[in-house]
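My plan is to start with the overall layout and then look up a few spots one by one.

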Amino acid sequence: MKPLVLASSLLAFLLLTGCSEEKKAEVPAPYALTEEAMGRYCGMNVLEHAGPKGQIILEQIPEPIWFSTARDALAFTMLPEEPKDIAAIYVSDMAKAPNWDAPGAENWVDARKAFFVIGSSARGGMGSEETVPFSTEAAAKEFAQKNGGRIVRFDEVPQDYVLGNGTDEKGQNNG
């Protein structure tokens with residue numbers, strides 16, 4: 001009886017482990033930015049705006065929701081009225097961007113792994129302070145040295161900075 005219980009337990013463990021690994025592998029790849037991309041909040045063509053862009057892919061919808069700024073993509077994750085079944089969040093990797101005005105169509109970084117510079121002198125496509133994303137800390141540091149600001153990770157970006165007037169939760173300007 002003990003070998004049967006042990007074998008059953010091992011099989012259950014393997015099945016559960018396999019399921020969780022399979023779920024991790026299902027993160028959808030980013031989409032290439034095209035002329036058809038319209039910004040979720042501004043309703044305008046995303047390519048008409050300078051600076052980093054964002055895209056969010058929901059679990060049940062096989063196409064991206066586009067954002068004219070990386071900051072707007074982060075706002076989507078913070079707003080209580082937006083869907084929470086997020087499968088992937090991608091932002092322009094400004095370390096690989098050709099330039100600020102044309103940040104690239106296929107150089108995306110997982111927002112949860114990105115290094116963001118907040119409080120810099122750089123302004124996003126809608127003229128507001130931006131959360132400037134980079135795939136490497138070294139690129140973020142170089143940008144911050146030239147443009148001011150500080151480096152934070154995805155879960156450290158102050159909600160007040162994204163949803164408010166560019167100040168952090170302590171009311172301090174992040175520049």
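Before counting, I noted what counts as an element: helices are DSSP runs of H or I with at least four residues, and strands are runs of E with at least two, numbered from the N terminus. I also noted that this is a predicted model.

**Entry 1: layout.** I counted four helices and seven strands in the protein chain. Read from the N terminus, the order is α-β-β-α-β-β-β-β-α-β-α. The chain has 175 residues, and 41% of them are buried. I then looked up contacts between residues at least 6 apart in sequence, and 58% of these join residues at least 24 apart.

**Entry 2: helix α3.** Which residues of α3 are buried? I found Ala 139, Ala 140, Phe 143 and Ala 144 in this helix, which covers residues 137-147. Looking down the axis of α3, I saw these buried residues fall within an arc of 135°, so they line one face of the helix. I jotted down the general rule beside it: an α-helix has 3.6 residues a turn, so residues three or four places apart point the same way.

What do the buried residues of α3 pack against? My list is β5 (115-118), β6 (132-134) and β7 (150-153). On the face turned away from the buried side, I found the exposed residues Ala 138, Gln 145 and Lys 146. After α3 comes Gly 148, and its phi is positive, near 80°.

**Entry 3: the second largest pocket.** The pocket holds about 180 Å³ of space. Its lining includes Met 94, Trp 100, Val 132, Phe 134, Ala 139 and Phe 143. Which element gives the most? That is α3, with five residues. Sorted by class, I get eight nonpolar, two polar and two charged residues in the lining.

**Entry 4: Glu 59.** Last, I went to a loop. Glu 59 sits between β1 (54-58) and β2 (65-67). Is Glu 59 buried or exposed? Exposed counts as over 50% relative accessible area, and Glu 59 has 51%, so it is exposed. Leaving out residues up to four places away in sequence, I found Glu 59 touching Asp 85, Ile 86 and Ala 87. I also checked Glu 59 against Ala 88: they are 29 residues apart in sequence and 8.2 Å apart in space, C-alpha to C-alpha.

Note on methods: Residues numbered from 1 in each chain as written. Predicted model: local features only at pLDDT ≥ 70, side-chain atom pairs only at ≥ 80, totals over all residues. Heavy atoms only, no water. Buried < 20%, exposed > 50% of the residue type's maximum accessible area, 1.4 Å probe, protein only. Contact = heavy atoms within 4.5 Å. Arc of directions from axis to C-beta. 1 Å grid on protein atoms, 1.4 Å probe; cavity = no way out; pocket = protein on both sides within 12 Å on 5 of 7 lines; lining within 4 Å. Points joined across faces, edges and corners; volume = space filled by probe spheres on them. Nonpolar A, V, L, I, M, F, W, Y, C, P; charged D, E, K, R; others polar.
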